[in-house]
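Hello,

Here is the structure I said I would pass on to you.

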Amino acid sequence: MAGLRIGIDFGLTNTDVVLVRGGELLEHWVLPYAGPASEALLYRALAAGNRDLSEFDSIATTGGLHRTLPDEIEGVPIYKAGEAESVGRGGLALAGLEEALVVSAGTGTAMIAARGKKTQHLTGSAVGGGTLVGLSKLLIGTSHPLEVAHLAALGDPAGVDSTLKDAIGGGIGHLPASATAVNFGKVGSLPSPPKREDIAAGLVVMVGQVIGVVALSAAKAAGLREVVVVGHLPDLEPVRKAILAVWEFYQAEPQPLFPERSGAATALGAALATADQD
């Protein structure tokens, strides 16, 4: 792969675009969701990065009905990569690892056992960034991820969640008394509505810890020591903290990795996975 290659991940919330040469990630940019894969959206993705189709030797695509795209456009071949392979290959590349459980925390959550070029979809969860944004819109009147994260950082999940201390008077096993026993378990008995900040904190904890618990269990089941979390949801610091709390509660090592430019992982993986087709 000597020439310049573009990778595009047509996600449910964002379209991620990367430039790759020789396996190296050169640039990454993001477009808000504008529908599933199409030739029009492909051109729009190029324009967003001030790029022209003639610059590229090939295009790698994944996600969002990408298989409906033609096999070439203006003479430039379009290669299609499976999402599991793209997530796994991209996550390993960003983390600099040979094998790991790669967790794609985006609109939903997918968990891929990645060993070199071999990838396998293990499990996942319908709980993800879409859950956080959707419930935030319903409960605190905002669907802006950064505002949710800001509110969560100011709030206390114990204002809405029942802790183990509330439920049984203390910790159990490795879990401390402050660990969540029931998400939003206090709300039904509160004398007045909880603060927006506490609701945001409770939502972040619920989403982050669901992802963390499933990931930790999946990694153990697959015999994988390392966990790499990619996607745009980990861009929110309170979410990262909620995921890390699972490892702290269960005294698990090593802690999961959150690579820089983690939102680029799937698009990068698509480029890497289809490189030998040039």
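**Charged pairs**

Glu 99 has a relative accessible area of 39%, so this residue counts as partly exposed; the class covers values between the buried limit of 20% and the exposed limit of 50%. Please keep in mind that this is a predicted model. Arg 115 is also partly exposed, at 35%. The side chains of Glu 99 and Arg 115 form a salt bridge, with 3.9 Å from N to O. This pair links distant parts of the chain: Glu 99 belongs to strand β7 (residues 99-105) and Arg 115 to strand β8 (residues 109-115), 16 residues apart.

How many salt bridges are there by this rule? The count is 9. Another of them joins Asp 166 to Lys 186, at 3.5 Å from N to O. Asp 166 is partly exposed, with a relative accessible area of 43%, and Lys 186 is partly exposed at 23%.

Arg 51 is partly exposed at 25% relative accessible area, and Glu 55 is partly exposed at 31%.

**Strands and a helix across them**

Glu 27 turns up again in a strand pair. Strand β2 (residues 14-21) and strand β3 (residues 24-32) run antiparallel and are joined by 8 bridges. Glu 27 in β3 is the bridge partner of Leu 19. The two strands β2 and β3 make a hairpin with 2 residues between them, and Gly 22 in the turn has a positive phi of about 60°.

The strands that carry Glu 99 and Arg 115 are part of an open sheet. This sheet has 4 strands in the order β9-β8-β7-β12, with mixed pairing. Which strands stand at the edges? They are β9 (118-125) and β12 (227-230); each has a single partner strand, so one side of each is left without a neighbour in the sheet. On average, neighbouring strands in this sheet are turned by 25° against each other, direction ignored.

Within the sheet, β8 and β9 run antiparallel and are joined by 7 bridges. Ala 113 stands opposite Gln 120 in β9. Helix α2 (residues 83-95) lies across β7, β8, β9 and β12, and runs at about 115° to β7.

**Helix α6**

Does the length of α6 agree or disagree with what its residue count predicts? Helix α6 has 27 residues and should span 39 Å at 1.5 Å a residue; its end C-alpha atoms are 39 Å apart, so the two values agree. Just after α6 comes Gly 223, which takes a positive phi of about 70°.

**The loop between α7 and α8**

Ser 262 lies in the loop between α7 (237-249) and α8 (265-273). Is Ser 262 buried or exposed? Ser 262 is buried, because its relative accessible area is 6%, and the limit for buried is under 20%. A polar atom of the Ser 262 side chain lies 2.9 Å from the backbone oxygen of Gly 231. Leaving out residues up to four places away in sequence, Ser 262 touches Leu 94, Val 229, Val 230, Gly 231 and Asp 235.

Arg 261 is in the loop between α7 and α8 as well. Arg 261 counts as partly exposed, at 44% relative accessibility. Which residues does Arg 261 touch, not counting those up to four places away in sequence? They are Leu 25, Leu 26 and Leu 94. Arg 261 and Val 230 are 31 residues apart along the chain, and their C-alpha atoms are separated by 8.4 Å.

Regards

Methods:
Residues numbered from 1 in each chain as written. Predicted model: local features only at pLDDT ≥ 70, side-chain atom pairs only at ≥ 80, totals over all residues. Heavy atoms only, no water. Salt bridge = Lys/Arg side-chain N within 4 Å of Asp/Glu carboxyl O. Buried < 20%, exposed > 50% of the residue type's maximum accessible area, 1.4 Å probe, protein only. Expected span 1.5 Å × (residues − 1). Polar contact = N/O pair within 3.5 Å; in protein donor to acceptor, adjacent residues only side chain to side chain. Contact = heavy atoms within 4.5 Å. Pairing = 2+ DSSP bridges. Axes fitted to C-alpha atoms, helices over the stretch in contact; angles between N-to-C directions.
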